[in-house]
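Thanks for coming, everyone. Let me put the model up on the screen.

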Amino acid sequence: MANQISNISPKILIITLISIGFNNYFLPTDAEETGKALIESTCKKTQYPEECISALESDPGSFTANLTGLTRIAVKKSASKLVETLHIVETLVLNATDYLTWGFLVNCRDTYNISVPQIQRGLQAFDGLKFDKSYESVEAVNNAVIGCDRQGWTLPILTQVNRALFRLTKDTMMILHLLF
């Protein structure tokens, strides 16, 4: 028997240990709440619970995740919504009909462009269990939305996408805060 154990490849042993660690980190244990119940109880602690539930339920992984996994999904959703918003703003920049509107939109676009690598670093920080750094990256996106809105221009499509991004990042910040 001892001879059989010593024949196990070190690579297989390492992969097995990493796999066990990953499963313990991202998948729920018996004592943890999961699924729709976890999504609802978590989102009830946010500012926009209905939108939070809708965003998280749109990812099938949410139904098997523990709180940590669910939070990572929220951060990923925020990153995706940022990129989606950036593409819409870029389209608006290209179609602006006057200089003032164009300038306002360029400012918003540039702010969102800066936010993309920030939130990507936030995802990396999350994976390194640096939840406070991940929080800061989502907060930076939220502040970018506030900065864009403070310029005072009212374009209905921009107002709509900014509102969605603001609410998602605000809820994500509140969920992240549950981890520290």
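First, the ground rules. This is a predicted model, so local features need pLDDT of at least 70 and side-chain atom pairs count only at pLDDT 80 or more, while totals for chains, interfaces and linings use all residues. Residues are numbered from 1 along each chain as its sequence is written, and side-chain values use heavy atoms, with hydrogens and water left out.

Now the fold. The protein has eight helices and zero strands. From the N terminus, the order reads α-α-α-α-α-α-α-α. Helices here are DSSP runs of H or I with at least four residues, strands are runs of E with at least two, and both are numbered from the N terminus. Of the 180 residues, 37% count as buried. Buried means under 20% relative accessible area, exposed means over 50%, and partly exposed is in between, with a 1.4 Å probe and protein chains only. Take the contacts between residues at least 6 apart in sequence: 72% of them join residues at least 24 apart. A contact means heavy atoms within 4.5 Å.

On to helix H7. How does the span of H7 compare with what 1.5 Å a residue predicts? The 19 residues should span 27 Å, and the end C-alpha atoms are 27 Å apart, which agrees. The expected span is 1.5 Å times one less than the number of residues. The buried residues of H7 are Phe-131, Ser-134, Ser-137, Val-138, Val-141, Asn-142, Ala-144, Val-145 and Cys-148. Looking down the axis of H7, these buried residues fall within an arc of 145 degrees, so they line one face of the helix. That arc is taken from the directions from the helix axis to the C-beta atoms. The background is simple: an α-helix has 3.6 residues a turn, so residues three or four places apart point the same way.

Look at one residue on that list. Ser-137 sits in H7, which covers residues 131-149. Ser-137 is buried, at a relative accessible area of 6%. Leaving aside neighbours within four places in sequence, Ser-137 contacts Gln-118, Ile-119 and Gly-122.

Next, helix H8. Its 22 residues should span 32 Å at 1.5 Å a residue, and the end C-alpha atoms are 32 Å apart, which agrees. Among the buried residues of H8 are Leu-158, Leu-165, Leu-168, Asp-171 and Ile-175. What do the buried residues of H8 pack against? They pack against helix H3 (35-43), H4, H5, H6 and H7.

A cavity is a set of points on a 1 Å grid over the protein atoms alone where a 1.4 Å probe fits but cannot get out; a pocket is an open set with protein on both sides within 12 Å along at least five of seven lines; lining residues have an atom within 4 Å of a point. Grid points are joined across faces, edges and corners, and a volume is the space filled by probe spheres set on the points.

There is one cavity of 30 Å³ or more. The largest cavity has a volume of about 40 Å³. Its lining includes Cys-52, Lys-77, Leu-168 and Asp-171. H8 supplies the largest share of that lining, four residues.

The largest pocket holds about 230 Å³. It is lined by 15 residues, and Glu-51, Ala-55, Lys-81, Ala-164 and Leu-168 lie nearest its centre. Again H8 gives the most, with six residues.

Last, some single residues. Leu-129 is in the loop between H6 and H7. Leu-129 has a positive phi of about 65 degrees, although it is not a glycine. For context, most residues other than glycine have a negative phi. Leu-129 is partly exposed, at 49% relative accessible area.

Gly-35 is in helix H3. At 8% relative accessibility, Gly-35 counts as buried. Gly-35 and Ser-62 are 27 residues apart in sequence, yet 6.6 Å apart in space, C-alpha to C-alpha. Beyond neighbours within four places in sequence, Gly-35 is in contact with Ser-62 and Phe-63.

Val-106 lies in helix H6, residues 99-127. Val-106 is buried too, at 12% relative accessible area. Val-106 and Glu-90 are 16 residues apart in sequence and 8.0 Å apart in space, C-alpha to C-alpha.
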